[in-house]
Amino acid sequence: MADREFDLVLFGATGFVGKLTARYLATAAPQGARIALAGRSPDKLTAVRDELGPVAADWPLLVADSSDQAALDTLAARTRVVVTTVGPYLRYGLPLVQACAAAGTHYADLTGEPLFIRECIDRYGEQAEQTGAKIVNSCGYDSIPSDLSVYQLYRRSVADNTGELTDTTLVAWLKGGASGGTIDSGRAMMEAIAADPAKGSVLSHPYSLSPDRSMEPDVGRQSDQALARASSIDPSLDGWVTTFIMAQHNTKIVRRSNGLLGWVYGKNFRYREVMGTGSSPAAPLVAAGVAGGIVATMAAGAVLSRAAAGRRLLDRLLPKPGTGPNEKARRGGWFTMKTFAHTTSGAKYVCTFAGKGDPGYQATSVMLGQAGLCLAFDELPPLAGILTPASAMGDALTDRLRAAGMTIEVERA
């Protein structure tokens, strides 16, 4: 792709997360990087570029709509990498994946939608492999911390010659808000399942994104539901843990990475994710409330999504796409994720992945920006197709995020 006009195009630069990512790229991109901003409104694109200051004054603006296949084909053919924040991806994302797969253009998105990834695999996986395109899904808080944490645990176990990974659990603590776009992505999946109930198995099956289910380990039932004392995971932990709403997606990405890498994590690799609720006297009540609330909310959303009247009610009640936490809230956010792993030799490890800023927005703009730059400028493994952050960029992206101020470290317990 040496003759491409651009190194990176940010598609959806005028959206909530798109603006944050554009700001980050303006500070983090190497000197001389050929970056363009893309979206459907030239006026809004101009306004975003003007806010970025002199460093972005010469960044070209490309006008393209997510439904205009010809425009997306042209866009993809002009650049080495496309980074997109245009969601819900299930509604709007497939034409751009098609364009990148056909052009051999690398791609990164922020999806937390397993249904979308399954569509990408089924429709464009083979073509992307043939053209050499690295189509990398889930390059934000969904699911880079999960994916890279397990990958680095695997790398450490290999370096120490302590055997394959077995029981592995991620515990998440965070402070952050939710945007209308994130909620709209959940609605898009609910509506798709309401229209075709068979798609529900993609959400419920732990290996629904696997490259080959027949090769997956037989380790019994793996559930994303949780309500337990934290010490049941590791004696060093206090308090309680509960269901982590992002686990249903993140765990599928981690298992897909294992498959794409040749099931190197192990024949008995079991993985789950939970969320810590602290150790105060109210912690068990909070944990129980979160666990029950998630189930109730998803059930109510699924029921309401089946009828037009229910969808109109959700339109009135839920935050609108394009909204999200204000700057003070974004800067005040944080996240810490500790992943506890055992190996076949009895060794124990913990990987800490932590960062400052609202995880879904401030920190995600860093992760997505660095993923795009990694695809554009770093020497990476030759693997192509519909990929995950760990399988596509593993060590290179880990190094980039460490340099960007995030903590990613593995210790032997």
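This is a predicted model: local features need pLDDT of at least 70, side-chain atom pairs count only at pLDDT 80 or more; totals for chains, interfaces and linings use all residues.
User: Hi! How many residues does the largest nonpolar core have?
Analyst: Hello! The largest nonpolar core has 107 residues. Those with the most contacts inside it are F11, L37, F116, Y265, M393 and L401.

User: And which helix gives the most to this core?
Analyst: That is helix α14, residues 362-377, which gives nine residues.

User: What is L401 in contact with, leaving aside its neighbours within four places in sequence?
Analyst: L401 is in contact with I144, L148, F353, V366, M367, Q370, M406 and I408.

User: OK, what about a second core, which residues does it include?
Analyst: A226, L237, F340 and V350 are among its nine residues, and this second core is separate.

User: Changing topic: how many aromatic pairs are there?
Analyst: The count comes to eight. Take F16 and Y361: their ring centres are 5.7 Å apart and their planes are at 80 degrees. An angle over 60 degrees counts as edge-to-face, so that is what this pair is.

User: Where do F16 and Y361 lie?
Analyst: F16 lies in helix α1 (residues 16-28), while Y361 is in the loop between β12 (348-356) and α14. The pair therefore ties together parts that are 345 residues apart in sequence.

User: Is Y361 buried or exposed?
Analyst: Buried: its relative accessibility is 3%, and the cut-off for buried is under 20%.

User: What sort of pair do Y89 and F116 form?
Analyst: A tilted one, with 5.6 Å from centre to centre and 40 degrees between the planes. Y89 lies in helix α4 (residues 89-92) and F116 in helix α6 (residues 114-131), so this pair ties together parts that are 27 residues apart in sequence. Y89 is buried, with a relative accessible area of 4%, and F116 is buried too, at 0%.

User: Nice. Which residues do ring pairs link into a cluster?
Analyst: Y151, Y154, Y265, F269 and Y271.

User: And what lies over the face of Y207?
Analyst: R255 does, at 5.6 Å from the ring centre.

User: Last topic, helix α7. How many of its residues are buried?
Analyst: 12 of its 17 residues are buried, so α7 is mostly covered. Among the buried ones are I144, L148, Y151 and Y154.

User: What should α7 span at 1.5 Å a residue?
Analyst: Helix α7 (residues 144-160) should span 24 Å, and its end C-alpha atoms are 24 Å apart, which agrees.

User: And what follows α7?
Analyst: N161, whose phi is positive, near 55 degrees.

Conventions:
Residues are numbered from 1 along each chain as its sequence is written. Side-chain values use heavy atoms; hydrogens and water are left out. A nonpolar core is a set of buried Ala, Val, Leu, Ile, Met, Phe, Trp, Tyr and Cys residues joined through side-chain atoms within 4.5 Å. Buried means under 20% relative accessible area, exposed over 50%, partly exposed in between (1.4 Å probe, protein chains only). Helices (H or I, at least four residues) and strands (E, at least two) are DSSP runs, numbered from the N terminus. Contact means heavy atoms within 4.5 Å. Rings of Phe, Tyr and Trp (its six-membered ring) pair if their centres lie within 6.5 Å; planes under 30 degrees apart count as stacked, over 60 as edge-to-face and the rest as tilted. A charge sits over a ring if NZ of Lys or CZ of Arg is within 6 Å of the ring centre and within 35 degrees of the ring normal. The expected span of a helix is 1.5 Å times one less than its number of residues.
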